[in-house]
Amino acid sequence: MLTSPEAARFILVTHAHLFKPTYPKCKEQLIGPSALFYQQGDYHTRLRKFVQRSLSLKTIRNLVSDIETIAISALESLSGGHIVNTYKEMKKFSFNIGIFTIFGRLDAKYAEELKENYSILKKGYNSFPSIQAGTPYNNAVLARKRLSQTLSEIMCQRKERRLEEKDLLGRLMNATDENGDILTEDQISDNIIGVFFAAQDTTASVLTWIVKYLHDDPTLLEAVKDEQEAIYERNDRGSKPLTWAQTRDMPFTYKVIQESLRMASIISFLFREAVADVEYQGYHIPKGWKVLPLFRSIHHNPDLFADPENFNPSRFEVAPKPNTFLPFGNGVHACPGNELAKLEMFILVHHLVTKFRWEVVESHSGIECDPFPIPQHGLPARFWKE
Ligand code: HEM
């Protein structure tokens, strides 16, 4: 386990070729072995280009109004004064954004099938990998097969209608290499499920933490509200939609998002494996050993972030030193979805603080892992329209 910014850079950037990403086989099978984050080398580079394009600033700037519609509908459905599990609600939101980013507008029947089977897959993902009938793992294996079937039907329809969409699925279906070879259906499915996996729980856990941090500190909430209400007023009290330029000009909210990413460090570390014997600062790392850069330790190191347990967005008035702020990783595998994740947060926070109030039902400091750290019991809370 390595806890210094220099070591994180060594593993993820300057000597990335010596460390491959590794996950247990049973987990890899559930997501799909051809998914981007298990890969290295040429296949990784080629595939990453297509994934990156469909998540680039140029692409996602056109998604603002659709994300806004999904955010408003998510907030309307959780408000009403009844107790909800905030994390579960945020997962519904980030899943719907995932569907939209990957497929554009998708037939409700397919969206429902994907939602149902993906949720079974998730339940089995961290369970004991037994293929006995009825175990959560085996249910997940079967759900994974059904997911492939649904994805295959969607691809077949697109081919029949000769649709050349610019969403992630479209880009993967049209991807060719220098020999004109295209990706197989399995490679495409693995990457679609991979993106769901990378995008849903991560974004939802950070959003849940943001809801908690804002709730726990009324002064912080007021400051975010002031910034967001100024935009709301300029948009004729919300009757005009948010613009891309507005989402890029929320400086205080941005610092709150950065500080939430640091405090919660929801990806606490990454898994790598040495592909050769490696020497690092007098230490010998034998080939085959697991190597874990610990982001949480870096983000909570008082030498790098003063008074690290204190939620203090103003620390981001000065850019963090290189390799000290790594919520989205670094190097060849760094998160290609980071701008989309932040856009989702800006838009959701805008509507949350300008139109809603909320009260956390169990406000204690417990944390549970699902597998990312989230407030205990998913932060049960009541939301209502102001
Ligand atoms: C707050 C939300 C998110 C966080 C904290 C996060 C964090 C990360 C981190 C740390 C990595 C690097 C993994 C490694 O090096 O092994 C990563 C990779 C990845 N992320 Fe994200 N992510 C988030 C949201 C998203 C979203 C919204 C998407 C897509 C829509 C996405 C897609 C991916 C993909 C495809 C990879 C694999 C990249 C590769 O291996 O080349 N992530 N993410």
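1. Two residues count as in contact here if their C-beta atoms, placed from the backbone, lie within 7 Å. The structure is a predicted model. On that basis, isoleucine 210 is in contact with Val256, Ile257, Ser260, Met345 and Val349, leaving aside its neighbours within four places in sequence.

2. Ile210 also matters for the core count. The largest nonpolar core has 77 residues. Ile210 is among those that touch the most other members, together with Ile192, Val206, Leu207, Met345, Leu348 and Val349. Helix H10, residues 185-216, gives this core its largest share, 16 residues. Another core lies apart from it and holds 12 residues, including Leu12, Phe19, Ala274 and Ile298. As background, nonpolar side chains tend to be buried together in soluble globular proteins.

3. UniProt lists Cys335 under "binding site", in an unreviewed entry. Cysteine 335 sits in the loop between helix H14 (295-299) and helix H15 (338-355). Its contacts are Phe328 and Gly329, not counting residues up to four places away in sequence.

4. Is cysteine 335 buried or partly exposed? Cysteine 335 is partly exposed, because 19 other C-beta atoms lie within 10 Å, while a buried residue needs 20 or more.

5. Last, the strands around S10, residues 380-385. Strand S2 (residues 83-85) pairs with S10 in the antiparallel sense, over 3 bridges. Within that pairing, asparagine 85 stands opposite proline 380. Strand S7 (residues 356-360) also pairs with S10 in the antiparallel sense, over 5 bridges. There, phenylalanine 356 has lysine 385 as its bridge partner. S10 therefore has antiparallel pairings with both S2 and S7, where pairing takes at least two bridges.

Key
Residues numbered from 1 in each chain as written. Predicted model: local features only at pLDDT ≥ 70, side-chain atom pairs only at ≥ 80, totals over all residues. Core = buried A, V, L, I, M, F, W, Y, C linked by C-beta atoms within 7 Å. Helix = DSSP H or I, 4+ residues; strand = E, 2+ residues; numbered from the N terminus. UniProt positions renumbered as here; feature names shortened; annotations may be inferred.
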